[in-house]
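Please look over the sequence and the structure shown below.

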Amino acid sequence: MEERKIETKCVQGGYTPANGEPRQIPIIQSTTFKYATSEEMGKLFDLEASGYFYSRLQNPTCDTVAAKICELEGGTAAMLTSSGQAANFFAVFNIASCGDHVISSSTIYGGTYNLFAVTMKKMGIDFTFISPDCTREELDAAFRPNTKAVFGETIANPALTVLDIEKFADAAHAHGVPLIVDNTFATPINCKPFEWGADIVTHSTTKYMDGHGSAVGGCIVDAGKFDWAAQADKFPGLCTPDESYHGVTYVERFGKEGAYITKATVQLMRDLGSVQSPQSAYLLNLGLESLHVRMERHCSNALKVAEYLESNDKVAWVEYPGLKSCKYHELAKKYMPNGTCGVVSFGIKGGREAASKFMKNLKLAAIETHVADARTCCLHPASSTHRQMNDAELKAAGVSAELVRYSCGIENAEDLIDDIDQALKNI
Ligand SMILES: *Cc1c(COP(=O)(O)O)cnc(C)c1O
C-alpha cells in the first residue's frame, strides 16, 4: 500500500476493519482469551504462534493503538505502557541492568530524572547526566565500557532545550549503543527522531497524544534499526537464550525489527505488569485522531503568547524554541520545521514571589501538574514537580526558581494573551 501522510495515519492508522466490523476500535475488556486445546495455548507461551492469552502481556485494543503510534513514528514495533514513567523505565531497563551505565541529557522531565538518579540507581544502574549543549568530545568522554544506552528528550520538559538528535545518535552508535529519545513534547507530528538516527522513541501519551487530560499512559516504539547482534556482548538479554522464557533468543527469533519490543513485552510486562487498560487505550486513540489538528493550534498559540511575553517588560526572559531569539531556534528549525510544542517557559521579574503572584492572578489558565492539554494550564516547577531538587540540580535541569511553565491549549490566542496581560498587570 502507498505510504500515507501522517494526518491520515493519525485518523486511520493501526486499524482496518473488515466488512461488517466496528468502524471505531473495539474495547476488548477481557483479561483472558479462550483456546480449545492446551497445545494451542502452549504454542503461544513458547512464542511459536502469536495470539492473546492474558491482558497483562498483550491486549488487542492496546495493540491496535500501539500500531497506530508505531506508524506515526515510522517504527517496526511498539507497545503501550501504563504511563510515561513506565515507558522510560522499561525502555532503559530492557537493555541495562545492575552494574550497567547510561548517559542521559541533564535537561529531562523531573520524574524521569528522579527515576534515573534515585530509583534506578538503587537498582545498581549508574547514570551520567550531561548538558544537551555538550560538545561531541564531552559526550564521547562520558562513555564507559559498561554504557548501554544514551537518553534525551526531543524538547525537554520544562527546560525546552532542543536535543541535537544527530549528535547524540552518532556518539551513541560510535560506542555501540542505542539512542533513546522521549518525543512527548514534539510528538511525531513535529519531529520523527528515527529519521535523525534515534533507535527507540518513548512517549508519555498522557500529554499531547491523549490531549484531553483523560488518561495516563505511555508508549515505546522501536525503529528496528539497531543491530543488537553486532553488539552481542553488550546486550546479552537480547542475544543469549532467556531461560525465564523457554530459552528463546530474542534477536534470533524476532530479528532486529521485533526483538526489543518482544523482550519488553514477554519479560518486563510479564514480571512488572505496567499495562495500559483497554479503556485508556480507547481514549488515547480518540486523542490521536485529532493530534495533527491540535498540534498546529498548540504551536500557533504558543508562538503568539511567546512573542507577547517577549514584548512585556514585566517578563525577565522567555524560552520558546519557536522564537527567533531562542538559543535553540536553529536546532528547532532543523528538527521541527513545522512547529515545536505548545509549552512556553518564562521568568517573571521579581523571582519566586512574583511568579506565584502571577499564577494566582490567572483566570483562564488553570494551575495544574499537567501540560499539553487542550485547556491551557500553568505550573511553577520549583515549588511542585521539581521540588525534590536542590538549587544546583535545578540549575543543571534548566529550571530556575522564577520559571513558569505555561502550556498553551487550543483556545483563542487573544483570550490567552488578555488573561496573561491582566495577571502581569496585577502583580
Ligand atoms: C509527563 C512526562 C513523562 C512522564 O509521563 P507520565 O505519563 O506522567 O508517567 C515523561 N517524559 C516527559 C517528557 C513528560 O512530559
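P158 is found in the loop between β4 (147-153) and α7 (165-174); helices (H or I, at least four residues) and strands (E, at least two) are DSSP runs, numbered from the N terminus. The peptide bond that joins N157 and P158 is cis, with omega at about 5 degrees. This is a predicted model, in which local features need pLDDT of at least 70 and side-chain atom pairs count only at pLDDT 80 or more, while totals for chains, interfaces and linings use all residues. Residues are numbered from 1 along each chain as its sequence is written, and side-chain values use heavy atoms, with hydrogens and water left out.

Another backbone feature is at L47, which is not a glycine but has a positive phi of about 60 degrees. L47 lies in the loop between α2 (38-45) and α3 (60-73).

N157 also belongs to the surroundings of the ligand. There, 16 residues surround the ligand, and the closest are N157, D182, S204, T206 and K207; a residue counts as near if one of its heavy atoms lies within 4 Å of the molecule. A polar side-chain atom of D182 is 2.7 Å from a nitrogen atom of the ligand. An N or O atom in the side chain of S204 lies 2.8 Å from an oxygen atom of the ligand. G84 takes part through its backbone, with a polar atom 2.9 Å from a ligand oxygen atom.

How is the chain divided into domains? The assignment, which is automatic or from a database, gives domain 1 (7-15 + 22-286) and domain 2 (292-425). Their centres, taken over C-alpha atoms, are 28 Å apart. Domain 1 brings 38 residues to the contact and domain 2 brings 40, where contact means heavy atoms within 4.5 Å.

Between the two domains about 3200 Å² is buried, and carbon and sulfur atoms give 63% of this area. Buried area is the accessible area (1.4 Å probe) that two parts lose on being put together, summed over both. On the side of domain 1, L160, N190 and Y208 supply 23% of the area buried against domain 2, more than any other three residues.

Across the interface, 16 residue pairs are in polar contact, both residues at pLDDT 80 or more. A polar contact is a pair of N or O atoms within 3.5 Å; within protein, one must be able to donate a hydrogen and the other to accept it, and residues adjacent in sequence count only if both atoms are side-chain atoms. The helices α1 (6-12), α5 (110-122), α7 (165-174) and α8 (187-190) each supply at least two residues of the side of domain 1 that touches domain 2.

Two salt bridges are counted between the domains, a salt bridge being a side-chain nitrogen of Lys or Arg within 4 Å of a carboxyl oxygen of Asp or Glu. The whole structure has 11.
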